[in-house]
Structures are given as C-alpha cells and as structure tokens.
Amino acid sequence: MNNGGKSFWLLIMLLTVFMYGATNLSCDYGSNLKNQLVAHCDNRGFISVPRNLNRNIQVLDLSNNLIPVIKNNTLINYTKMEILILNSNNISEVHECGFEGLRYLRILRMENNAINISKLPSRVFRPLENLMVLEIGWNEKQWMEHESFVYPDKVFSNLKSLQNLSIDLFDRPVFGNGFKLLQNLAVLNFRRCYMRKHGKLSNETFRNISPKLRELYITRCHHFFHIDKGILRYFPQLKILDLSHSYIHLYQALNILYPYQNKNMSVINFHHISDKSINNDKFPYSVIITKELMRYLKSICIEALDLSATGIVDDEFYSLFSFQYPGCFKTFIISANRLPSTTLEHYLQTVVFLTRATNLKTYDMSYLPAQFLNPLYLDVYHPEKFIGSHNQEKQHIFHKSFRHITINLPPLLEFVRFTHMTVVSASVSFRCKNASLRYFDVSYSIFEQYPNVSNECVKELIYLDVSGLSSTTMFQSISLPKLTTLKMTHASIDRSIIEGRQWMLGHAPKLKSVDLSFNNLWTLLNTTLFNDNNITHFNLSNNFFRRVPSTVYKLRHLELLDLSNNLITSIDYTFRKWFDEIIVQHQNLSINLDNNALVCSCDTVEFLLWLTKTKVSFVNGNNYTCTMSNNSQVNLIKVTKDINKYFADCQATLWLRIGIILISCTFGVSIPFSILYYYRWKLILFLFRTFRRAVERDLYVNYEYDVYISYEERSISWIKNHLLPKAEKEWGLKTFVHDRDLLPGELTSDSKALSIHQSRHVIFIITERFCEYQWGSFEIERAKYEKYTQNLMKIIVILQNVHVNDIPEQLVDISNDVIFIKWDEHETEISENQTRWFKLKTLLFLN
C-alpha cells in the first residue's frame with residue numbers, strides 16, 4: 001500500500017475514534033454456549049487490539065473493526081484464549097510474534113481482510129501448536145510474479161494440529177513440503193477462487209496435502225481451468241468432493257474420480273460445472289454421456305450425487321444409470337439438463353435404476369426440455385399447408401408395443417420431483433411396497449395420459465404439486481390420508497367446471513394448505529376436497545372471483561385467505577360476520593385483497609366501516625385502492641379515515657346509524673376495558689397458568705430439540721446475549737446451535753440434517769451476510785424437506801436489518817409456509833422488543 005493509501009486509512013480511523021468516543025471503545029463480557037468467557041469487541045471502532053481486557057477470556061471477537069496490524073506480543077496476556085475472531089478488519093500485516101502466548105488457541109478466523117499470505121512471517125503461527133481451525137480466506141488477491149503461485153509452506157508447517165483449513169485458491173498453486181507436516185488436516189475449503197482462464201491444477205498440486213483429507217471444496221471458479229486426472233490420488237479417505245459452480249466441465253470431473261473405484265463416498269457435488277462459456281471441440285457445452293465417461297463414477301458407492309445443470313443432452317444406453325452400487329444412493333439429482341425423456345430406451349433406464357436403488361430417499365429429475373408430441377410442420381412446397389411427422393407410423397407401432405409401463409418406487413423414497421419435463425406417451429403406473437413417499441412434484445410436466453398412482457404410494461404423502469397439469473385429465477379417485485399441502489395452479493380448473501367434471505376426486509382429511517391460483521375461476525363448486533374443514537391456508541389469487549366464494553364458509557380453521565388479483569368489489573355482510581367469528585375463535589386471520597376492483601360508494605359504506613373495526617389482518621392493506629363514483633382511484637385507508645368527507649351526500653339515516661354504532665362501540669369498549677383493567681393482574685395470572693399448562697403438555701412430543709437455530713457468524717453475539725437467555729433460561733426450551741452442539745469427527749452435513757430432523761421448529765436469523773454462510777442453503781433445503789414431510793412444525797425467519805432482496809430465494813419460494821419477524825438488532829425501544837419476544841414465544845410454544 002502506498003503512502004497516500006496509508007494516510008487515507010489513518011484519517012478514516014481517527015475520524016471513527018472521534019465519532020464513537022472513548023466510551024464506545026470498550027468491550028462487553030458474556031458467556032457462550034460452552035460457558036466460556038467471551039469478550040465482545042466487535043463493531044467498536046478499534047484501531048488496535050485492546051490490551052486491558054480480562055486475562056481469563058477464552059473467546060475474543062474483534063470482527064468488523066479498523067485494526068490494520070497485529071503487532072508483536074499484542075495478545076500475550078490472553079493465555080487462556082481458545083477462539084480468536086479477526087474477520088473484516090482490513091488487516092494487512094501480522095508481525096512475527098503477533099500470536100505469541102496463544103498456546104491453547106483452537107480456532108482462528110481472519111477472513112475478509114487485506115492479508116497477503118505470501119508476506120506472512122514464517123514463524124507467525126509457531127505459538128499456535130493446538131490450532132485446529134484456520135479460516136484465512138477472502139483476503140488480498142495475490143499478484144503472481146511467476147506462472148505458479150507458491151503457498152508459503154513454512155508459515156503453515158507449524159500448525160501440526162490443524163484439521164480444518166479455509167483459504168483462497170490461486171492459479172497453478174504449489175503446496176510445498178511444509179504442508180506434509182499437517183497430517184491431521186481433514187477439511188480443505190477454498191473460499192475464493194482466483195484461477196485464471198485456462199489455468200491448471202496438476203497431478204502434483206496436492207501431493208503434500210495430508211492423505212487423511214475427508215472433505216475438499218473447490219467451488220465458484222468461474223473461469224475454465226484444466227485438471228489433471230491424478231489430482232485426487234493423494235486422498236484415499238475422501239468422502240465429500242464439492243466442485244459446484246466451478247467451470248471445469250463434466251468430462252474432467254468424471255475423469256478425476258478414478259482413485260475411488262469400489263470405495264464409499266458421502267457426497268459428490270458436480271452442480272453447474274459445465275457452462276455456456278465452455279464450448280469447444282474438446283469440451284463441448286452439449287455433453288453426451290458414454291460408458292467410457294462413466295467407468296469411474298459408476299463403480300463408486302455414493303450416498304448423494306448431484307449432476308444437475310451439467311449440460312447433459314444424451315446418454316448411451318446403460319451408461320448414465322449403470323451404477324454398480326445403486327443401493328448406496330440416498331440422494332440423486334440430475335435436474336436442469338437436456339436429457340431426452342420421451343424415448344422408451346431412456347425411460348426404461350430410469351425405471352431399472354429406481355427399482356435397484358432400494359435405499360433412495362430423494363430423486364430429482366426435473367427441468368428437462370419439452371419434446372412436443374405429434375408436432376405439425378409447414379410444407380416447403382405449399383407453405384399454406386401443414387404436414388404431420390413422418391414418424392407417426394413408427395410412433396403408433398411404439399404405442400402398440402409399449403402401451404403401459406409400471407415403475408416400482410424404492411421403499412424408502414421420500415422426495416420425488418419430476419417438474420417441468422416431458423414423459424413418454426405410454427401410460428405409466430407407480431407401484432410401491434412399504435412406501436414412505438412424502439413429497440411428490442410433477443408440476444408443469446407434459447403427460448399424454450396422467451400417471452396411475454397406487455393407494456400404497458400415497459399413504460404417507462404430505463406434499464403434492466400438480467400445477468400446470470390439466471384438471472380434466474386428473475388422476476383417479478384416491479385417498480390421501482396424510483396430505484397437508486396441495487398445489488394446483490394453472491390447472492385449468494375452469495374447464496372442468498364448464499364441462500361438469502369433478503376436478504378433485506380425492507379425499508384428504510388432514511389438508512391444511514391449498515393453492516388454486518391462476519385457474520380462471522369465477523365460481524368454486526362444492527367438492528369433496530372441502531368436506532373436511534382443517535384447511536388453514538387457502539390461495540385463490542389471480543382468478544376472476546367477483547365475491548368471496550361460498551365454499552370458503554366451510555373452512556372454520558382458516559388462517560390465511562389470499563384473494564389478491566381478482567375482481568372483488570366488497571365483502572358482503574354474511575362473510576364479514578363470519579370472518580369476525582373466526583377471529584373470536586382463533587385470534588388469527590389474514591386476508592389478501594390486493595389489486596382487486598374494490599368500490600367506495602354509499603352501497604359499500606358498511607364494508608368500509610367494517611374495515612375500521614375488524615381485527616382481521618389485511619396483507620399489504622395500506623396499499624389497497626378503491627374506485628370512487630367519479631371513477632378516480634383513492635387509497636382505501638385514506639377513505640376509511642375520513643368517511644364524512646367522501647360520503648357526505650349519502651342518506652342521513654346512514655349517519656344516524658353510524659353515530660349509534662360509534663356510541664355503542666365507545667361504551668362497549670370502555671366498560672369492559674375498565675373491568676379488565678381493575679382485574680388485570682388476576683386475569684394475567686390466570687392466562688399465564690393456562691398457557692403454561694398447555695405448553696407443558698406439548699413438551700411431551702418426542703423431539704430431541706425444541707428449536708434448531710441457523711445463523712451466520714455475525715449473529716452469534718445477538719444469539720448468546722439475547723436469544724439463548726430468553727429461550728433456554730426463561731422459557732426452558734432446548735435449542736441446537738452448531739457452534740456448541742456439533743460433535744467433532746462426524747460429517748457436518750449428516751449432523752445438521754439429523755439435528756433439523758429432531759427439532760420441533762427451525763429459526764433462520766437472516767442478516768445481510770447470510771448468503772455468505774456456507775451451510776445456509778443446505779439448512780434451508782433440509783428445513784423445507786422436514787416442513788413438507790410434516791416433521792417440522794414451523795419455519796421462523798428473523799430479519800435483522802436486511803432488505804427484501806437479501807432474503808434467500810429458497811425462503812422466498814416457500815414464503816406461504818414461513819413466518820417472518822422483522823427484528824432490528826440495535827432496537828432500544830422496550831415495548832417494541834417485548835412485542836417481538838412475545839410473538840416469538842407464542843410461535844415456539846403453540847403447535
């Protein structure tokens with residue numbers, strides 16, 4: 001850094017100190033989940049490491065400060081320290097004795113700084129003889145003077161106890177002999193990738209890395225680079241290989257798997273390793289799978305394999321699905337490719353694979369390109385005419401020979417997704433033995449005949465998505481005893497009503513969430529679907545309803561009714577009264593009337609007055625508009641606040657009635673309020689005891705944890721200081737936090753998945769950096785799965801100072817099944833926080 005740059009940063013630091021003042025440059029103390037003494041010094045404007053802290057601290061968090069240098073003997077007084085966090089400090093220099101005295105340090109985090117690892121002193125890590133985790137990625141890009149980048153092996157050779165190393169990947173890396181001393185290294189995670197276009201990882205790249213390595217992550221390298229075939233030969237114990245979003249091409253990825261023939265692996269993630277930017281004769285964007293390409297992959301016993309978005313357009317017969325150990329699979333994902341799906345040969349490969357994969361739990365073969373049946377073409381000699389396919393006769397022979405195909409699903413299969421794909425035109429039947437299928441998605445796929453599903457297959461089904469499939473070809477009458485979620489958007493239900501068809505013949509007594517949006521509905525006839533009134537979420541948006549459909553009247557447990565983007569002008573008295581009754585019974589009802597044809601006139605004044613009194617919650621209600629008599633659009637809230645102004649010409653008797661109602665409401669509210677105020681403490685005590693008894697009864701449900709908390713590292717302070725004291729000490733809940741409860745030596749992915757499965761609820765704490773959290777997407781997907789399988793009761797998302805655009809897309813996609821709580825972690829207004837704590841407590845205690 002030049003002198004000008006140093007002067008600039010010095011000026012920034014001085015201004016920060018002046019703005020914060022001396023009182024803000026102090027630290028708070030607390031205990032973490034393991035009862036370690038923690039010094040919270042993050043976000044304090046420090047320009048150097050404080051030396052006057054309690055000498056017994058075991059954890060020091062100095063993240064998000066302005067420390068440019070770690071000077072000699074700065075930390076020598078803190079000999080009991082086990083965890084040191086220096087992330088996001090703009091550190092550019094670490095002196096040789098900067099970590100002196102930290103003999104018992106186990107975790108060191110120095111990510112998102114300006115450290116040039118090539119310039120680190122060779123003895124800088126020597127005092128850290130017990131360090132197990134080093135995170136030094138997301139640092140300064142190294143400007144290589146030579147063709148290869150040589151990692152400073154003398155710097156890292158002192159870390160003989162290191163097990164987990166997170167570091168940046170540079171082009172043509174060389175790991176020197178010093179890395180041989182890191183014999184306990186089990187996880188190597190390259191956080192940021194600086195591989196140049198046409199760079200290379202050679203056979204010798206990892207020759208000095210520990211043969212005990214079990215997890216290797218080389219992700220998000222967005223420039224194509226070469227990988228030699230023998231790059232992984234040094235890792236005989238490797239269990240997780242993640243190359244997702246690294247553009248190395250599927251040909252190379254499959255070729256480097258030869259060391260693992262006839263071995264077991266937990267995860268192979270090749271998601272999006274082929275890209276449109278890679279397209280030449282040697283590495284074409286369109287990949288055809290051959291037996292030769294599959295010779296290594298097919299011989300590995302794999303639990304989870306992701307081949308999605310890898311550019312596959314075709315495969316030789318008995319190549320792609322020719323695994324020698326299909327019984328090892330628990331998860332198989334091959335979506336977003338361009339595989340043909342209408343030929344019998346390819347279809348039979350899938351059938352055989354599913355029959356042999358007896359332990360498979362998740363299968364995703366979605367987003368395959370449409371291949372239209374019986375297309376019409378223009379005649380080149382007579383363009384005004386259409387001609388059919390010359391293969392129609394051949395297709396007829398095909399249909400005649402193979403009119404029916406039966407697929408026997410694996411007995412443990414729980415998650416199946418065949419969305420956005422075409423299916424062979426022969427009729428298909430799904431058969432199951434001891435089925436455990438919980439999630440079934442065939443939305444927006446093309447069927448000539450709807451598949452026949454046996455009753456055995458759907459006995460445990462919880463989630464069903466048949467969106468995009470015509471209700472006129474809906475499957476046979478079938479019982480769905482455990483179904484809780486049904487999606488039938490774009491299902492042409494209006495056509496079934498016009499043709500007099502019963503569009504849903506199944507019986508689903510436990511159904512709770514129904515989505516019938518985008519069906520051009522103007523009426524909703526009685527159907528067996530609504531004979532059971534357990535439905536709590538009903539989506540009728542984007543239809544043509546002019547009034548609330550009468551079918552809704554049966555749903556006595558309704559919590560959310562979405563009628564947005566319809567033609568509703570007002571809500572009649574019958575439904576207004578019914579909605580208020582629901583509120584009295586359940587204290588929770590939300591209605592979405594956004595973008596309707598609401599009318600503000602003398603005829604709808606009673607509806608407008610009801611809006612001011614009802615306790616029904618209206619989604620996005622502040623933005624509703626209504627049409628006045630002069631056809632102008634006015635904000636509905638504005639109208640309800642000044643009815644006299646807008647309806648002065650209405651009948652005088654109306655105002656008399658309004659006056660009587662207002663007076664009655666005043667007396668009706670004031671008298672009960674006075675009584676409640678006089679006996680307020682007795683009522684509070686009674687309600688508390690009743691609520692506590694209900695909570696104690698619920699705690700007998702067989703869960704290991706009450707709450708699984710997902711968060712990124714910046715949220716740990718708030719969790720330790722606020723959330724856990726409330727949840728564990730005051731409310732008596734048992735929580736799972738990965739920093740405390742993950743056991744060393746177990747696979748992180750398996751431990752997290754099991755912990756989510758054993759939890760009653762999941763809380764996601766979303767901050768602006770949550771998307772950088774390595775396990776965020778995994779935990780969201782697992783939570784979605786457990787939610788759809790009805791094992792998980794609630795998914796609660798706490799939004800801390802984030803914009804809507806920062807919310808992960810996976811949560812946005814399931815927003816109807818997620819409860820959002822906006823939470824300003826710096827909020828100081830007591831009443832506001834009390835309301836949020838009460839809401840969170842209520843959500844966690846009530847099923």
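Predicted model: local features only at pLDDT ≥ 70, side-chain atom pairs only at ≥ 80, totals over all residues.

Visitor: How many disulfides does the structure hold?
Guide: The structure holds five disulfides, and one of them joins Cys27 to Cys41, with an S to S distance of 2.0 Å.

Visitor: Which parts does the pair of Cys27 and Cys41 tie together?
Guide: Cys27 sits in the loop between helix H1 (3–20) and strand S1 (28–31), while Cys41 sits in the loop between strand S2 (37–40) and strand S3 (59–61), so the bond ties together parts that are 14 residues apart in sequence.

Visitor: Is that disulfide right-handed or left-handed, and why?
Guide: The torsion about the S-S bond of Cys27 and Cys41 is about 120°, so the disulfide is right-handed.

Visitor: And what about Cys301 and Cys328, right-handed or left-handed?
Guide: Their disulfide is left-handed, because the torsion about the S-S bond is about -105°; the sulfur atoms of Cys301 and Cys328 are 1.8 Å apart.

Visitor: Are those two buried or exposed?
Guide: Cys301 counts as buried at 14% relative accessibility, and Cys328 counts as buried at 18%, since buried means under 20% relative accessible area.

Visitor: Changing topic, is Cys771 buried or exposed?
Guide: Cys771 is exposed, with a relative accessible area of 57%, whereas Cys665 is partly exposed, with a relative accessible area of 33%.

Terms used:
Residues numbered from 1 in each chain as written. Heavy atoms only, no water. Disulfide = S-S within 2.5 Å. Helix = DSSP H or I, 4+ residues; strand = E, 2+ residues; numbered from the N terminus. Buried < 20%, exposed > 50% of the residue type's maximum accessible area, 1.4 Å probe, protein only.
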